[in-house]
Amino acid sequence: MPFTTEIKISPIMEGEWRTLWKVVEPLNFHSVNTGKNYIVPAGTITDLASGLIAAASAAAILHDHLYSRGEHFKQVKDRAECDEVFFEAMQDSGVPLWRCWMYFGMVRIAGWQFYKR
């Protein structure tokens, strides 16, 4: 499995509509498609919004990081790469293919609003 570390997160703020989480230990994903390692550093904040089911949680954390800081850390070249890595990470996490396509479609359509924020 390309995630080479386990998810270690802690809630930092609970609101009426969502909870924010902090990555406690780095999360590493090795993409077979790009041949690159994507590391989510400890301290990264995520809302898991793109991980609506438990199986997609690691992929959601990775995607949130790549959207907000991926270019800054020179891990990705653009938003399309973020979304493609998200799709691959969901598949590798056991998310059903139909759901991977649904989530991928949602981030491709509406993700521009959240990219680099």
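With a relative accessibility of 13%, F87 counts as buried, a label given to residues under 20% relative accessible area, with exposed meaning over 50% and partly exposed in between (1.4 Å probe, protein chains only). This is a predicted model, in which local features need pLDDT of at least 70 and side-chain atom pairs count only at pLDDT 80 or more, while totals for chains, interfaces and linings use all residues. Residues are numbered from 1 along each chain as its sequence is written, and side-chain values use heavy atoms, leaving out hydrogens and water.

## The aromatic cluster

F87, W101 and F104 form one aromatic cluster, where rings of Phe, Tyr and Trp (its six-membered ring) pair if their centres lie within 6.5 Å, and planes under 30 degrees apart count as stacked, over 60 as edge-to-face and the rest as tilted. W101 and F104 make an edge-to-face pair, 5.9 Å centre to centre with 90° between the planes. F104 also counts as buried, at 18% relative accessibility.

W101 and F104 both lie in helix α3, three residues apart, which is about one turn of the helix; helices (H or I, at least four residues) are DSSP runs, numbered from the N terminus.

## How the two helices pack

Helices α2 and α3 pack at an angle of about 160°, their axes 9 Å apart; axes are lines fitted to C-alpha atoms, for helices over the stretch in contact, and angles run from 0 to 180 degrees between N-to-C directions. That makes α2 roughly antiparallel to α3, the term for angles over 145 degrees, whereas those under 35 count as roughly parallel, 65 to 115 as roughly perpendicular and the rest as oblique.
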